[in-house]
Amino acid sequence: MLYSIGQVADKLNISTYTLRYYDKEGLLPFVDRNESGRRIFKDADFNYLETISCLKEAGLPVKQIASFIELCLAGDRTLDERYEFLAEQETNLEEKMATLQHTMDFLRWKKWYYKRALAAGAEDVNYIPGTTETDPALRSKFEAMVRDGMDAKELGLLDK
């Protein structure tokens with residue numbers, strides 16, 4: 001089956017502008033054109049388009065994605081390079097995810113901290129008595145509750 005740029009955009013939930021930009025940047029060398037010069041997409045093109053979308057979502061720059069697509073189009077002689085490229089991107093993405101998870105954990109800790117302060121009417125409920133230092137035992141208690149599987153609602157992080 002053949003698809004217009006508008007049909008592809010609708011199917012992939014992206015704009016026609018994005019598809020034109022990808023084409024201009026060399027990401028779509030596999031796309032044919034009709035006698036009027038309009039892009040004509042085939043069913044087989046969706047595999048490449050899915051790959052492009054995935055790599056874009058992973059944060060890769062367009063030029064790097066274009067290089068990967070060129071490797072794909074070069075055939076089996078580039079299988080090793082493609083595998084290594086994706087393995088490297090997987091490692092990079094795992095590192096980003098770990099950083100984001102650390103950030104999320106800290107934000108949840110601070111929400112719990114402030115939820116306790118709001119309930120008590122004062123922030124000092126979280127301090128070591130007689131100081132303005134956060135009680136490390138409190139942080140340990142929070143981390144233990146998370147480790148034990150307590151969900152956000154039970155921790156008081158979501159409105160009931």
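Student: Is F142 buried or exposed?

Tutor: This is a predicted model, and in it F142 has a relative accessible area of 5%. Buried means under 20%, so F142 counts as buried.

Student: Ok, and which ring does F142 pair with?

Tutor: With W109: the two form a tilted aromatic pair, 5.8 Å centre to centre and with 55 degrees between the planes. W109 sits in helix α5 and F142 in helix α6, so the pair links distant parts of the chain, 33 residues apart. W109 is at 4% relative accessibility, so W109 counts as buried.

Student: Which rings are in the cluster?

Tutor: Ring pairs join W109, W112, Y113, Y114 and F142.

Student: How do the axes of α5 and α6 cross?

Tutor: At roughly 115 degrees, with the axes coming within 11 Å. The crossing is right-handed. On the α5 side, D105, F106, R108, W109, W112 and R116 make the contact, and α6 brings L138, R139, K141, F142 and M145. That divides into 6 nonpolar, no polar and 5 charged residues.

Student: Switching topic: how many aromatic pairs does the structure hold?

Tutor: There are 9. One of them is Y3 with F46, edge-to-face at 5.1 Å centre to centre and 85 degrees between the planes. Y3 lies in strand β1 and F46 in helix α3, so this pair ties together parts 43 residues apart in sequence. Both Y3 and F46 are buried.

Student: And what about domains, how is the chain divided?

Tutor: Into domain 1 (1-73) and domain 2 (90-146). Their C-alpha centres lie 43 Å apart.

Technical notes:
Residues numbered from 1 in each chain as written. Predicted model: local features only at pLDDT ≥ 70, side-chain atom pairs only at ≥ 80, totals over all residues. Heavy atoms only, no water. Axes fitted to C-alpha atoms, helices over the stretch in contact; angles between N-to-C directions. Helix = DSSP H or I, 4+ residues; strand = E, 2+ residues; numbered from the N terminus. Left-handed = near helix turned anticlockwise from the far one by under 90°. Contact = heavy atoms within 4.5 Å. Nonpolar A, V, L, I, M, F, W, Y, C, P; charged D, E, K, R; others polar. Domains from an automatic or database assignment. Phe/Tyr/Trp six-rings, centres within 6.5 Å; stacked < 30°, edge-to-face > 60°. Buried < 20%, exposed > 50% of the residue type's maximum accessible area, 1.4 Å probe, protein only.
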